[in-house]
Amino acid sequence: MTNDFLPRWDMTPYFPGLDSAEFAQALSDWILELDQAEQWLTSEGLDHSTPGGLTPEQVRQFESAVAWYNKLSDDGELLSAYVYSFVSTDSTNDLAGEKESNLDDQLSRFRKWVKRVNKWIGGLGAESLEQLSAVARDHKYAVQRAKVEASHQLSAGEEDLISDLELTGSVAWSRLRSNLTSQLQASVDLGKGPELLPISAIRALAYDPDAGVREKAYQAEIAAWPKVEVAVAEAMNGVKGEIGLLARRRGWESPLSEAIFNSNIDETTLSAMLDSARAAFPHFRRYLQAKAKFLGKAQLPWYDLFAPVGKEAKSWSYDEAIEFVAEQFGTYSPKMREFALKSHRENWTDVSPRPGKTDGAFCMRTRGDESRILMNFKPSFGSVSTLAHELGHGYHNLCLSPRTALQRVTPSTLAETASIFCETIIRQAAQSQGSSDERLAVLEASLQGSTQVVVDITSRFDFESAVFAARQSKTLRPKEYCELMLTAQRGTYGDGLDQSVLHPYMWLAKPHYYGGSFYNFPYMFGLLFALGLYAVYQKDPEAFRSRYDDLLSSTGLADAATLAANFGIDIRKSSFWEGSLTTIQADVDQFEALVKA
């Protein structure tokens, strides 16, 4: 099936089009809701906390504030997802860009409103609220977090100004980076003469079975990034400078401290996980060294990181991929299988890579129990795994759907739980089937992913830590970002890779650096936490299933340690993380054995 016939997501159940009267009316209605919420906030005098005990009037105001938040969040989330569905699939769509810019202005107003309400709620006293209000008890964790967030907020006027300036600061810088990189093209000669390809298509060639194609694509990519490096370096300077400055002004010890709080974990948990990961690096390097030998090389160059190993039984079509995923989901539960089939019937997924479409993959909630998934499908098992991963996010959204918007707020650490769990179901099924060559191909795809999430994620964590430290005193030039990236890669991959052929421009390729801080470690948490949960599932599948859906529906109701304790897991101890990493170590042992065979 060619790209022209691969499915594209269907957004018509929401609105007929970006230029439709229905969308314009929905946006107008939401802006009116926001106007009314701001007027209510002013008329109720919530900018000022009154001394003394909590009054019945304040309880009423709190419950009204929660109702406003839930309604505005639900309606705004659909509008945002709808607009982004056009922006992410065609960065040259001027109408989509205009709508996104206009919506950003309104979302900035909503963020201001939320900050003001959080500041007020944080001053009320969480314990007293919980005693007097059922709504507060239903949103207990959010109320407790509001108290901490309030202690790190500046004055209402300063926070309003920050929200306004973000639109011309980090939001604009992030959009600039996205537009530049999504429209970037590179020239590569794949045997039919030089041709221009989108950078996303060039990067996808890293998975090509032809070693010459992989190397040429790598060289073309490395040659292309300098065309945008100056502008994107300034985008990084702008985003990281803003985040670092605001963290200091708001009283956070560092941007990392703020990211840890936002991830619903603590420093003890993060240290236990990262220390365990670093201790396991020699096993990942064994895998990379075995892969190099299989490919006939002394050391593995960067452009062979994603080289296929073994022989897949077939070239996967998208229809075959969704059929396989649904079938394997069915071995876990009929509910999960039906969810996958429903997403296919209703065209939730935008599948084909094409110019102007953002690289990578993601899942976004739209409304109720519905989601939309973006991916750039390739006819390989890796894309089958990606499909399962993103459907896992959608299944998580399904489990969260009975919750209010405030109860659904899920940190990125726990947001990866369902996606990795679903990926593991698919991998286990694929590894139990086929010849040794086919099993080797599946195992290789799994170890590729694990290496990215443990080793490469650590390199990104180290890089970002170094960037924040350096950015406090100066702006950085492209060359300096490249040097920091190479230092991070050398320190993590070590002798697993050819140190003379790394990727200094990964800071341009990864969008997450431009949307916040420390997006990276939550992915490692998601992988290792999900592997730990999968081990619990294997011991007692029947008892696990009902508790698992409850866990997914509760990811906004407690911190990660509390939720993990319900499964007998202590995430503050290295032993848990070492246990999950031992699972990957066993995969490395099996990989080495299959390669030798």
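Trainee: In which helix is methionine 485 found?
Mentor: This is a predicted model, and its residues are numbered from 1 along the chain. The protein has 27 helices and five strands. Methionine 485 is found in helix H22.

Trainee: Is methionine 485 buried or exposed?
Mentor: Buried means under 20% relative accessible area. Methionine 485 has a relative accessible area of 1%, so the residue counts as buried.

Trainee: Which residues does methionine 485 touch, not counting residues up to four places away in sequence?
Mentor: One point to compare is leucine 502, 17 residues along the chain from methionine 485, with 9.4 Å between the two C-alpha atoms. The residues that methionine 485 touches, leaving out those up to four places away, are Phe463, His503, Pro504, Met506, Trp507 and Tyr513.

Trainee: Is glutamate 480 buried or exposed?
Mentor: Glutamate 480 lies in helix H22. Beyond four places in sequence, glutamate 480 touches Lys474 and Thr475. The relative accessibility of glutamate 480 is 13%, and therefore the residue counts as buried.

Trainee: Where is the place of threonine 475?
Mentor: Threonine 475 is in contact with Asn237 and Glu480, leaving aside neighbours within four places in sequence. Threonine 475 is partly exposed, with a relative accessible area of 45%. Its place is in the loop between helix H21 (436-471) and helix H22 (478-493).

Trainee: What separates the C-alpha atoms of threonine 475 and methionine 236?
Mentor: Threonine 475 and methionine 236 are 239 residues apart along the chain.

Trainee: How many Å apart are the end C-alpha atoms of helix H1?
Mentor: Helix H1 covers residues 21-44, which is 24 residues. At 1.5 Å a residue, H1 should span 34 Å. The computed value agrees, because the end C-alpha atoms are 34 Å apart.

Trainee: What covers the buried residues of H1?
Mentor: The buried residues of H1 are Phe23, Leu27, Trp30, Glu33, Leu34, Ala37, Trp40 and Leu41. An α-helix has 3.6 residues a turn, so residues three or four places apart point the same way. The cover over the buried residues of H1 includes helix H2 (56-87) and helix H3 (94-122).

Trainee: Which residue takes a positive phi just after H1?
Mentor: The phi in question is about 70°. The residue just after H1 that takes it is glycine 45.

Trainee: What covers the buried residues of H15?
Mentor: Helix H15 has 15 residues (318-332) and should span 21 Å; its end C-alpha atoms are 22 Å apart, which agrees. Among its buried residues are Tyr318, Phe324, Phe329 and Tyr332. What covers the buried residues of H15 includes H16, strand E3, H17, H20, H24 and H25.

Trainee: What is the radius of gyration of the protein?
Mentor: The protein has 597 residues, and a compact globule of that length would have a radius of gyration near 25 Å. The C-alpha atoms fill a box of roughly 75 × 55 × 50 Å along the principal axes. The radius of gyration of the protein agrees with the globule value, at 24 Å.

Trainee: What percentage of the 597 residues is buried?
Mentor: The accessible surface comes to about 24,300 Å², and 52% of that belongs to carbon and sulfur atoms. Of the contacts with a separation of 6 or more, 76% join residues 24 or more positions apart. Buried residues make up 55%.

Technical notes
This is a predicted model: local features need pLDDT of at least 70, side-chain atom pairs count only at pLDDT 80 or more; totals for chains, interfaces and linings use all residues. Side-chain values use heavy atoms; hydrogens and water are left out. Helices (H or I, at least four residues) and strands (E, at least two) are DSSP runs, numbered from the N terminus. The radius of gyration is taken over C-alpha atoms; the globule rule is 2.2 Å times the number of residues to the power 0.38. Buried means under 20% relative accessible area, exposed over 50%, partly exposed in between (1.4 Å probe, protein chains only). Contact means heavy atoms within 4.5 Å. Accessible areas come from the Shrake-Rupley method with a 1.4 Å probe; for residues, only the protein chains shown count as cover. The expected span of a helix is 1.5 Å times one less than its number of residues.
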